[in-house]
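Good morning, colleagues. Please keep the display in view while I speak.

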Amino acid sequence: MRTVRRSLPADRPTPSEPSALPRRAPLSAHHPEPVLDVVVPVYNEEHDLEPCVRRLHTHLAETFPYSFRITVADNASTDRTPLIAARLAAELPGTRWLRLAEKGRGRALHAAWSRSRAPVLAYLDVDLSTDLAALLPLVAPLISGHSDIAIGTRLARGARVVRGPKREIISRCYNGLLRSTLAVRFSDAQCGFKAVRRDVAERLLPLVEDREWFFDTELLVIAERAGLRIHEVPVDWVDDLDSRVHLLSTALADLRGMARLGRALARGRLPLTALHRSDAELAGELPDGLARQAVRFAAVGAASTLFHLLLFTAFRPAAGAQTANALALLASAVANTAANRRLTFGVRGRGGALRHHLKGLAAFLIGLSLTSGSLAALQHGAPGAGHRVELATLIAANLAATLLRFLLFRAWVFPARPARRTTGPA
């Protein structure tokens with residue numbers, strides 16, 4: 001295949017508001033272009049590039065049932081990487097390379113995906129930490145029309161991961177921070193093993209500002225907020241001991257990216273409606289919005305508040321106000337967590353139930369401190385207050401506790417909805 005050499009500007013297109021995405025449909029096996037374009041972004045990888053590309057090419061040629069292309073996206077390498085990429089493109093059928101004048105993995109992926117005509121676009125890291133056996137399961141739901149984006153995950157049930165404790169802790173902390181700050185539901189933002197349908201990429205790429213390591217996360221967050229379906233594939237993954245990623249600078253850049261993206265989402269700056277699918281029957285698979293979950297949570301909260309007040313009234317004569325409140329709140333908290341698990345957040349089955357209830361009890365302790373503190377303040381300020389005043393104080397405190405508990409439930413207790421995922425629970 002003809003070698004392609006380009007120097008690409010870093011200008012970012014201005015987001016626009018195009019029409020909604022068309023309905024997903026299976027791809028034809030007789031597509032005029034390669035069905036799959038696998039991008040390998042590289043920077044100074046003269047030692048790993050050739051074995052990676054040859055192994056990938058052999059794997060695809062022997063096991064992939066559709067036509068394919070491999071694109072080496074060289075972002076400003078200063079060693080022999082460009083020479084090796086050019087030689088591989090000349091030797092291996094269906095292989096090409098791009099040369100960028102500036103560094104940045106996100107920049108390399110943005111450039112390669114923007115210029116590809118393949119209906120399915122993927123990328124993997126040059127170290128091949130992810131077992132290639134997961135490549136076909138990764139792209140199959142995109143080819144079939146089932147999903148919009150597919151990601152490899154090292155944090156889902158069924159994944160097999162070999163890496164040191166330092167990287168394990170950093171990865172889990174990063175993904176936990178994403179769930180708590182941006183309320184994401186996907187399990188692993190950083191795994192270098194992802195794919196996207198081209199029609200989706202054409203809409204997403206103009207909205208993604210980052211050109212470095214936060215590129216993946218930003219793309220996934222925007223896609224999820226727009227209601228696109230993200231398929232997760234548990235992978236076998238072995239840590240690359242020669243990784244040259246600077247953890248501190250990358251972590252700081254990621255934090256800045258999360259803050260920037262959070263502000264943009266909060267202020268409604270992103271045209272997310274342009275990423276919705278146009279067919280009405282897909283409306284049921286879009287993630288529940290904040291308003292819908294809030295209504296369900298409020299209904300459950302009203303019922304559990306009534307239950308709490310009834311129990312408090314029953315326990316109050318024998319146990320005293322503080323003990324009666326604690327017992328009533330504990331019982332209502334367990335019932336509240338179970339009801340919200342099923343009705344508000346759509347979690348079915350016993351998987352993760354213990355974890356959910358333990359986190360729910362943590363939220364209960366916050367509610368206990370608010371309501372008990374309110375009663376203590378009432379008894380200190382107005383020792384002779386009657387039962388009606390106590391009930392009114394509890395209602396006000398419960399409202400404050402309920403609002404805080406809803407935020408905790410959404411971002412921490414139930415950060416993912418198993419009914420929406422296409423693999424087993426994490």
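Predicted model: local features only at pLDDT ≥ 70, side-chain atom pairs only at ≥ 80, totals over all residues.

At what angle do helix α11 and helix α12 pack, and how far apart are their axes? Residues are numbered from 1 along each chain as its sequence is written, and side-chain values use heavy atoms, with hydrogens and water left out.

Now the answer. Helix α11, residues 353-381, packs against helix α12, residues 387-413, at an angle of about 155°, and their axes are 9 Å apart. The axes are lines fitted to C-alpha atoms, for helices over the stretch in contact, and the angles run from 0 to 180 degrees between N-to-C directions. α11 is therefore roughly antiparallel to α12; the classes are roughly parallel under 35 degrees, roughly antiparallel over 145, roughly perpendicular from 65 to 115, and oblique for the rest. The crossing of the two, α11 and α12, is right-handed, meaning that the near helix is turned clockwise from the far one by less than a right angle. Their contact comprises 16 nonpolar, eight polar and three charged residues. In this scheme Ala, Val, Leu, Ile, Met, Phe, Trp, Tyr, Cys and Pro count as nonpolar, Asp, Glu, Lys and Arg as charged, and the others, Gly among them, as polar.

Let me turn to the protein as a whole. Its secondary structure comes to twelve helices and nine strands, taken as DSSP runs numbered from the N terminus, with helices being H or I of at least four residues and strands E of at least two. Of its 426 residues, 49% count as buried, that is, under 20% relative accessible area, with exposed over 50% and partly exposed in between, for a 1.4 Å probe and protein chains only. Among contacts with a separation of 6 or more, 81% come from residues 24 or more positions apart; a contact means heavy atoms within 4.5 Å.

Next, helix α3, residues 105-115. How many of its eleven residues are buried? The count is nine, and they are R105, G106, R107, A108, L109, H110, A111, A112 and W113. Their cover includes the strands β1, β2, β3, β4 and β7, together with helix α7. α3 packs against α7 at about 60°, with the axes 8 Å apart, and the two helices, α3 and α7, are therefore oblique to each other. On the α3 side, R105, G106, L109, H110 and W113 meet F215, D216 and L219 of α7. By class, that contact has four nonpolar, two polar and two charged residues.

Helix α1, residues 49-63, holds V53, which is buried at a relative accessible area of 0%. Leaving aside residues up to four places away in sequence, V53 touches I70, V72, L88, L92 and T95. H57 is also found in α1 and is buried, at 12%.

L128, in the loop between β4 and α4, has a positive phi of about 50° although it is not a glycine. A183, in the loop between α5 and β7, has a positive phi near 55° and is likewise a residue other than glycine.
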